[in-house]
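Let's read a protein model one question at a time. Keep the sequence and the 3D view open as you go.

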Amino acid sequence: MKSDPATFPILALCAQPPGNVHVATQLRSLAANMPWDALLPEADHHGLGPLLRAHLADAGVEIPGHITAALQDRWLQQAHRYAVRHRVLGEALRELNNAAVPVLLLSGAALAQAVYADPVLRPVRSVELLVRPTDALIAHRVLRGIGFCATDTRVAIDHRDLPGLSKTVDGATVSMTLRHQILPAHPFLPSLGYHELAGRSQPVEWSGLPVRTLGPEDMLWHVYAHAFTRDIFHLGIRLISVADLVALTETWCDEMDWDVVRQRYGRAFRALPILNVLTPWPARVVEKFGWDLPARSAGVDRIASMPTWSAASGHDVLCPPDWWLRVCYGTGGRADRLRHLVWEHPVRLVVGACQAAAFWLAQRVDADRDLGSRTAGASAWPRPTSYVASSSPGSLRCVSGDFVVRSRGGPDGLQRARRLHLDESRVESDAYGAVAALPPSTQRPREAAGRHQQEL
């Protein structure tokens, strides 16, 4: 699970906003042996193309002509995408506000506005909005009403998302995800929702609209947990997440309540200085905390830039490198690291394996039910394009008109999803997403419908 040793250290250096003199000095020292052609695809994967361009310019590195042209093309593309995203998201936020649906802007889109000097420096794959569970379907309808289309996305059994939406304007596609909680449910991690986070939120500038995002302390936790704790089976990360952590820590260094961070998210706070193995912290952050930083060369090539599971990578998953264990679990001394290695890490592996198995089983059961319905003479019943499964009881989800109703019951609180193909305009939901109407035009034959109601 190792990255390209020629490109990853260079990109890791650039995983922060430009202006760090230590980064500029090291880039100049590496310029003579810079692997230019291999560098650009890796930068694209890590979301660091604009930051790479800015750091190279800041360091005064001489760049080959074709690389200069490629970096400029990428910059212009990102600038166009940002302009379209800003306009489309502004329309979406305005419509949601008119529909009395409060949202919190999450992750990349919020950080690009709040902590980067130029929003173009921070590419955004998907705009994420945190909504109240009771507003999820309303928000979905509002976005569909302004031209967003549902993507054929399957959501993992432990996640709290509605399937993704997208809209293409002027050749640029804006993807959007509605979330119920900022993280998947996990026994070792706080998974917070709108009600817990709204009271601690902060405003973010967006064309004069009343837009809010996570408070500084909650944003730090969200970015850290999303980068280092989301997928226990893949030790790889995208370096843009490291850049986000450095940028928000430096930007909000003086206004963030660090006592709250230590108390509420101590794991993330303890992990921050370890990031120095990837990219050097700005001097004023180091001075504020008096960190005893680890050497940057310690294991910098051990993060996979494009993680895949294989027999060869199994050892790192079961017995992760020391640096990764320290970052992922926020461990301190040797005894603390040993405790996480022999207790929390194995438990997380078991939980992750069970969740993956449950999602796989849900897929098989769903496919078998489709096959049974067609062979029983119910072939006229429209087959949904995708489905959703989640551990949230009674949840109602929509994918291109396909709604999923959660049955109440099942071992260990994991319930199986039941699928209904409903007309969006005929569905009402309470706080738990209970179905209130079945449109006659899409009902199954009488016997099949009767069996389906008994299941629910």
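Q: Which residue caps the N-terminal end of α2?
A: This is a predicted model. At the N-terminal end of α2, a side-chain oxygen lies 2.9 Å from the backbone nitrogen of His22.

Q: How do the axes of α2 and α4 lie to each other: roughly parallel or roughly perpendicular?
A: Helix α2 spans residues 21-30, and helix α4 spans residues 49-59. Their axes come within 9 Å and cross at roughly 85°. Angles of 65 to 115 degrees count as roughly perpendicular. That makes α2, relative to α4, roughly perpendicular.

Q: What arc do the buried residues of α2 cover around the axis?
A: The buried residues in α2 are Val23, Ala24 and Leu27. They sit on the same side of α2, because the arc they cover around the axis is only 100°.

Q: Which exposed residues are on the face of α2 turned away from its buried side?
A: The buried residues of α2 pack against α1 (8-13) and α4. Now look at the face turned away from that buried side. Its exposed residues are Val21 and Ser29.

Q: What percentage of the residues of the chain count as buried?
A: Now take in the whole chain. It has 17 helices and ten strands. Buried means under 20% relative accessible area. Of the 456 residues, the part that counts as buried is 55%.

Q: With which side chain does the side chain of Thr279 make a polar contact?
A: Thr279 is in the loop between α12 (266-271) and α13 (283-289). Thr279 has a relative accessible area of 1%, so it is buried. Its side chain makes a polar contact at 2.8 Å. The partner is the side chain of Gln16.

Q: Is Asp118 buried or partly exposed?
A: Asp118 lies in the loop between α6 (107-114) and β2 (127-131). Its relative accessible area is 27%. Buried means under 20%, exposed means over 50%, and values in between are partly exposed. Asp118 is therefore partly exposed.

Q: How far apart in space are Asp118 and Ala79, C-alpha to C-alpha?
A: Along the sequence, Asp118 and Ala79 are 39 residues apart. In space, C-alpha to C-alpha, the distance is 9.9 Å.

Q: With which side chain does the side chain of Thr177 make a polar contact?
A: Thr177 lies in strand β5 (residues 172-179). Thr177 is buried, because its relative accessible area is 14%. The polar contact has a distance of 3.2 Å. It joins the side chain of Thr177 to that of Ser126.

Q: Is Ala100 buried or exposed?
A: Ala100 is found in the loop between α5 (65-98) and β1 (103-106). It has a positive phi of about 60° although it is not a glycine. Its relative accessibility is 57%, so Ala100 counts as exposed.

Q: What is the phi of Asp170?
A: Asp170 lies in the loop between β4 (165-169) and β5. At 56% relative accessibility, Asp170 counts as exposed. Asp170 is not a glycine, yet its phi is positive, at about 50°.

Q: Which residue has its backbone oxygen 2.9 Å from a polar atom of the side chain of Gln202?
A: Gln202 is in strand β6 (residues 202-204). Gln202 is buried, with a relative accessible area of 14%. Among the residues it touches are Val211, Trp252 and Glu255. The backbone oxygen at 2.9 Å from its side chain belongs to Leu214.

How values were computed: Residues numbered from 1 in each chain as written. Predicted model: local features only at pLDDT ≥ 70, side-chain atom pairs only at ≥ 80, totals over all residues. Heavy atoms only, no water. Axes fitted to C-alpha atoms, helices over the stretch in contact; angles between N-to-C directions. Helix = DSSP H or I, 4+ residues; strand = E, 2+ residues; numbered from the N terminus. Parallel < 35°, antiparallel > 145°, perpendicular 65-115°, else oblique. Buried < 20%, exposed > 50% of the residue type's maximum accessible area, 1.4 Å probe, protein only. Arc of directions from axis to C-beta. Contact = heavy atoms within 4.5 Å. Polar contact = N/O pair within 3.5 Å; in protein donor to acceptor, adjacent residues only side chain to side chain. Lists of a residue's contacts leave out its neighbours within four places in sequence.
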